[in-house]
Amino acid sequence: MQNLLHNLNPEQLAAVTLPAQSALILAGAGSGKTRVLTTRIAWLVQTGQISPGGLLAVTFTNKAAKEMMTRLSAMLPINTRGMWIGTFHGLCNRLLRAHYRDAALPQSFQILDTQDQLSMIKRMLKALNIDDEKYPPRSLMYFINGAKDQGLRAKDVEVHDDFHRKFVELYDFYDNQCQREGVVDFAELLLRSYELLSRSQPLREHYQGRFRHILVDEFQDTNNLQYSWLKLLAGRDNAVFAVGDDDQSIYAFRGANVGNMSSFEREFQVQNLIRLEQNYRSHGHILDAANTLIAHNTKRLGKNLRTDAGHGEQIRIYEASSDLQEATWIIEESKSLIAEGALRSEIAVLYRSNAQSRVIEHALFTAGIPYRVYGGQRFFERAEIKHAIAYLQLIDNPNNDSAFLRAVNFPTRGIGARSLEQLQDAARQHGLSLHDAVAQVPGKPGVLLGRFVEMLDNVRRDTSVLPLPDMVQAVLEASGLLVHYQNEKEGADRIENLEQLVSAATLFIAEEGFGRAAPALQGPSSEAMAGAAIVNGDGVEIIDADAPLNVVMSPLSAFLSHASLEAGDNQAQAGQDAMQLMTVHSAKGLEFDAVFITGLEEGLFPHDNSEKEEGGVEEERRLMYVAITRARQRLYLSFSQTRMLHGQTRFNVKSRFFDELPEEALKWLSPKVQHHWFANQQQKAAWVDVPSRPSERTQTDSGWRIGQSVHHQKFGEGVIVNIEGGGGSARASINFGRNGMKLLDLTIAKLEKV
Ligand code: ATP
Ligand code: MG
């Protein structure tokens, strides 16, 4: 036991060893909240106060859940698989799988990701002949998810006008459609399991009796429904241990309610409020910057952080002339960090918006530095993977109409839009799924559709006893997807991704323990828990969801849920020492030796939208606080005078956040004076910017060079004064005399040499 506790400071020790009552640990970044929460789990188990199956812990991401299990296994000789540690979505999925009948779901219900959800809504509007300009699909989706996050079904939503009434009607229609197809969206996972627990007393009592300890990390970002779900599970007697930091609440736009912290204190009669003020993560200058910045927010519960680590290095700030130059600088700094012995995986590049990553990726790629992007296009969202998944979904649940429509004519089978309309009409008329309505379609379309369904049914029959990876392989072949991409000019990458899907299945099986006996939960009172069975309202005995996923779901169902819920980082890259690229939002809870925060420009960070919303800038500032506090030793901030975003060049002013940082902690790498070239655009050689760096090209692959005279359709004659980037992202600054200086994308602008 000495081992577990000896590395804690007195406040942390007090928090870890609190009696079994509800508690709130309110503390700033890097003060050890997550560590305290993990250690408390280990301590509760080790001292015999609880069995591993008797507690539930909620983390913010799947990655965090895995990390927690790894740390636990290192502290205790227990098998963490099967423990209830996961995200809200993951835990709800598990509950619904175990009690699918009570939740009125088919056993193999499937999870719609955001992309699937949107396309389903579009399809529904089309079928109902509804003008999607008047009722935009995306707005309807936000409306539905927002209502679900508040725990409201269509019938519970208060209607204020006709327009709103239509949204509510469509919400209802959407829910019915999902039910028919046996699919649930993310918000539904939570709402459905909330309703299940509130409706079924035996189930509720069972789980309340079981989870004597509930632990929640990143509590500041729970939404109302999640909070209600926790209350339901906690009942009157269980201890909820919540850790959080109001200064890191960054999901208000998704319904997170930082007010849950004070509600929690009140409603759970929290006697134990512990603050941790010692920061163990960051050097002094970094911490000072974070503290000074966040002090500009008015709505705070208030707390401070101190560190024993020295000041460390100053924060380096770089002003670039363009986003390409910013990327070049990041690469050069990273190279010297790596040369000094830094691990690539300990260097993170953070940005406010996903669209910023392309230029940085390009530069890293060109420099040959391995990198990994989190939260960009996820592996499971790539088109070819989506297609393969659609076939697998149909094998698992033939009634999934979204999957049916995605797969039916891809690769093409001569089934046209008209045939599909016919099929959809027949399905509506007879109240059938598309799969089941195929028999109703006459003529040639009917024959072609029949063949498709027969192929699916054959694969289902032939692969039902195969291990999952073989099943995936068989589906790739029988569907014709592999052949399709083999014949496509640029299909090689896609085939490689499809092969990775087979590897992902192999890895999944190994990690989740399918094909092996379910591991028993070990721990002092595990016998008491094992075999616990409960009886539902109809007197039917139901399986206790104690069992890990491999008992409550088929490997295929489990793999498909994993594909929807997992961040889906490319498995092939796992384990490689690579630099880490991600948005600030997805960096929450993580830490790195060196961190770059890029694009610190007004309109980007803080984001444009934040000005319009009440409290928007404060939320951006919290986001900046999260970003700064990810760094242990080195922090780099950058901004750029110009940036190409969404096909447009923006001319920028540096972020207001620079004025909110303590000057003594900063080191400006490029002169602070503003020297925009467009200020003296009338002069001929107007480019007087930061001198170009040796690595920058003066001549592009396509033969443009500085000094070249060119003609542009709109701007007339001009002279190229600078060229940046290469290949697909080459751009030139061109002095068009009276028409001024322009930054043009060389691959898009139709320039002629003169
Ligand atoms: P965040 O708010 O960013 O999620 P946190 O409060 O959860 O941060 P942790 O991630 O738990 O903080 O801890 C930050 C770092 O400090 C970790 O590397 C952790 O191992 C280390 N740490 C925490 N407590 C101690 C301690 N008492 N002694 C030494 N290191 C510690
Ligand atoms: Mg944490």
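Analyst: A residue is taken to be near a molecule if its C-beta atom, placed from the backbone, lies within 6 Å of it. The model is a predicted one. In it, 19 residues surround ligand 1, and the closest are Gly 32, Lys 33, Thr 34, Arg 35 and Tyr 280.

User: Which element gives the most to the shell around ligand 1?
Analyst: Helix H3 does, with three residues.

User: How do the shell residues divide into nonpolar, polar and charged?
Analyst: Four residues of the shell around ligand 1 are nonpolar, ten are polar and five are charged.

User: What does UniProt list as "binding site"?
Analyst: The unreviewed UniProt entry lists Ala 27, Gly 28, Ala 29, Gly 30, Ser 31, Gly 32, Lys 33 and Thr 34 under that heading. In the same record, the annotation "domain: UvrD-like helicase ATP-binding" covers residues 6-283. Over residues 6-283 the chain is 49% helix and 12% strand, and the end C-alpha atoms are 23 Å apart.

User: Where is Gly 32 placed, and is it buried or exposed?
Analyst: Gly 32 sits in the loop between S1 and helix H3 (33-46). Gly 32 counts as buried because it has 24 C-beta neighbours inside 10 Å, and the cut-off is 20 or more. Apart from neighbours within four places in sequence, Gly 32 is in contact with Gln 12, Leu 276 and Tyr 280.

User: And Ala 27, which strand is it in?
Analyst: Ala 27 belongs to strand S1 (residues 23-27). Ala 27 is buried, with 25 other C-beta atoms within 10 Å. Setting aside neighbours within four places in sequence, its contacts are Lys 33, Asp 245, Arg 275, Leu 276 and Lys 303.

User: In what order do the strands of the open sheet run?
Analyst: The six strands are ordered S3-S2-S6-S7-S1-S8, with parallel pairing. At the edges are strand S3 (84-86) and strand S8 (272-276), each of which pairs on one side only. From one strand to the next the twist averages 10 degrees.

User: How many bridges are there between S1 and S8?
Analyst: Five bridges, in the parallel sense. Leu 24 stands opposite Leu 273 in S8.

User: Which strands does helix H11 touch?
Analyst: Helix H11 (residues 224-234) packs on the sheet and touches strand S2 (55-58), strand S6 (213-216) and strand S7 (239-244). The direction of H11 makes about 160 degrees with that of S6.

User: Let us change topic to backbone geometry. What should I expect in general?
Analyst: Most residues other than glycine have a negative phi, and most peptide bonds are trans.

User: Where is the peptide bond cis?
Analyst: The bond from Phe 410 to Pro 411 is cis, with omega near -5 degrees. Pro 411 is in the loop between helix H17 (401-408) and helix H18 (417-430). A cis bond also joins Phe 605 and Pro 606, where omega is about 10 degrees. Pro 606 lies in the loop between strand S15 (592-597) and helix H27 (608-612).

User: What is the phi of Ala 104, and what is that of Asn 129?
Analyst: Ala 104 has a positive phi of about 60 degrees although it is not a glycine. Asn 129, also not a glycine, has a positive phi of about 60 degrees.

User: Why does Asn 129 count as exposed?
Analyst: Asn 129 counts as exposed because it has 6 C-beta neighbours inside 10 Å, and the cut-off is 12 or fewer. Asn 129 is in the loop between helix H6 (114-127) and helix H7 (137-149).

Methods:
Residues numbered from 1 in each chain as written. Chains lettered and ligands numbered in written order. Predicted model: local features only at pLDDT ≥ 70, side-chain atom pairs only at ≥ 80, totals over all residues. UniProt positions renumbered as here; feature names shortened; annotations may be inferred. Helix = DSSP H or I, 4+ residues; strand = E, 2+ residues; numbered from the N terminus. Contact = placed C-beta atoms within 7 Å. Nonpolar A, V, L, I, M, F, W, Y, C, P; charged D, E, K, R; others polar. Pairing = 2+ DSSP bridges. Axes fitted to C-alpha atoms, helices over the stretch in contact; angles between N-to-C directions.
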